[in-house]
Amino acid sequence: MKTIDELLTDGVAGKRVFVRADLNVPLDGTTITDDGRIRAVLPTVRALAEAGARVVVASHLGRPKGAPDPAFSLAPAAARLGELLGAEVAFATDTVGDSAQATVAGLADGQVAVIENLRFNAGETSKDDAERAAFADALAALADVYVGDGFGAVHRKHASVFDLPARLPHYAGHLIATEVGVLRKLTEDVQRPYVVALGGAKVSDKLAVIDQLLAKADRLLIGGGMAYTFLKAKGYEVGISLLQEDQIPAVTEYMERAEKNGVELVLPVDVLISTEFPDLKTKAPANPTTVAADAIPADQEGLDIGPETRKLYASKLADAATVFWNGPMGVFEHPDYAEGTKAVAQALVDSPGFTVVGGGDSAAAVRTLGFDENAFGHISTGGGASLEYLEGKTLPGLAALED
């Protein structure tokens, strides 16, 4: 895989460089609530602009239906990119039409433009190879070189991620090179003890990665909504907690395999419960109760790990040489259920080992709860991509960058 460093060495002055970024930031109306993904692509965009390239930044945002939708416009992201660069960023109001062509044609050396949301064109996400190819051809006409730097999208077989690199000289940007380097540390010659903390809502989303980790990790800590399927598999009452009963056989088999492989699989020993889900808008006090994990009443649901579990998990992370964390331990968006996630994050901060926050809600939680991002070894920009890499899958966007 060639990297941007090689491209810069060869020289890019005057060349149109298409940067497939991940500007898929959360929005409240037109206000960006977390600009982490924009900041993550800055080193690549800045390096290219300073080297005299004419930089064309492209991304998706949200899930529009293959047609323009103002709610998913990249205009706020383009404006924020300009603020962070300290330079004007031009914005095209379409993807490959008159506005995009004119905007790119109007760039001078060292200038940057953002084209509109790629998913406003049905060809971006189409499962039809010919339709995707046609869109990739149109995108290729806007550039001389391709730089892939949208790690959060590399697990998608989309036109701008998979098809476009085949049409242009292609390189990995700084972010993708960093992300791949980190993931190799989690899969090749791992420093031990290797501890993985998994949370989030659905155990079905994590089954494939657990399957792989049972042969690689020394210890698995389970939290979040997915923990209740594990507790149910142990025969515990879980009340009205989030539960995937159809996954109990798989979970049971994983627990048996963990014991056989000598992998320590750690479940909550206590949880915070309530009769109703908290109001995440008003943040009204929820007044939860703490009970043992095997004593959840039938009319209550678990919404966070309890204080004893927080101490237990911190102790299980304390001696780790390598840590990967993906998924919150509870409903961290509400202050009454944020302590479990906060405890795991703090344990990573305190760890002397190499710590990786696996993107998605975990990365959002770190920022929401006020942690210094520099206190972690690495915060990934792609939760889904990170998990699929650890599952051993071939990621289309990475395969496309290989020579």
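**Around one glycine**

Mentor: Let's start with glycine 200, which touches Lys206, Gly223, Gly224, Gly225, Met226, Gly327 and Pro328, leaving out residues up to four places away in sequence. Contact here means heavy atoms within 4.5 Å. Bear in mind that this is a predicted model, where local features need pLDDT of at least 70, side-chain atom pairs count only at pLDDT 80 or more, and totals for chains, interfaces and linings use all residues. Residues are numbered from 1 along each chain as its sequence is written, and side-chain values use heavy atoms, with hydrogens and water left out.

Trainee: Where does glycine 200 lie?
Mentor: In the loop between strand E9 (194–198) and helix H8 (207–213). Helices (H or I, at least four residues) and strands (E, at least two) are DSSP runs, numbered from the N terminus.

Trainee: And is glycine 200 buried or exposed?
Mentor: Buried, with a relative accessible area of 13%. The cut-offs are under 20% for buried and over 50% for exposed, with partly exposed in between (1.4 Å probe, protein chains only).

Trainee: Switching to sheets: what is the order of the six strands in the open sheet?
Mentor: The order is E5-E6-E4-E1-E7-E8, with parallel pairing. Strands pair if DSSP finds at least two bridges between them.

Trainee: Which are the edge strands?
Mentor: Strand E5 (89–91) and strand E8 (170–172), each pairing on one side only.

Trainee: How many bridges join E1 to E4?
Mentor: Five, between residues 16–20 of E1 and residues 54–58 of E4. Valine 17, for instance, has valine 55 in E4 as its bridge partner.

Trainee: In what sense do E12 and E14 pair?
Mentor: Antiparallel, over four bridges, with E12 covering residues 270–274. The bridge partner of isoleucine 273 is glycine 302 in E14. Strand E14 (residues 301–305) is mostly covered, as five of its five residues are buried.

Trainee: Now helices. At roughly what angle do the axes of H11 and H12 cross?
Mentor: At roughly 20°, and the axes of H11 (residues 307–318) and H12 (residues 339–350) come within 9 Å. That makes H11 roughly parallel to H12, a term for angles under 35 degrees. Axes are lines fitted to C-alpha atoms, for helices over the stretch in contact, and angles run from 0 to 180 degrees between N-to-C directions.

Trainee: Which residues make the contact?
Mentor: Arg310, Ala314 and Leu317 of H11 meet Glu339, Gly340, Ala343, Val344, Ala347 and Leu348 of H12.

Note on methods:
Parallel < 35°, antiparallel > 145°, perpendicular 65-115°, else oblique.
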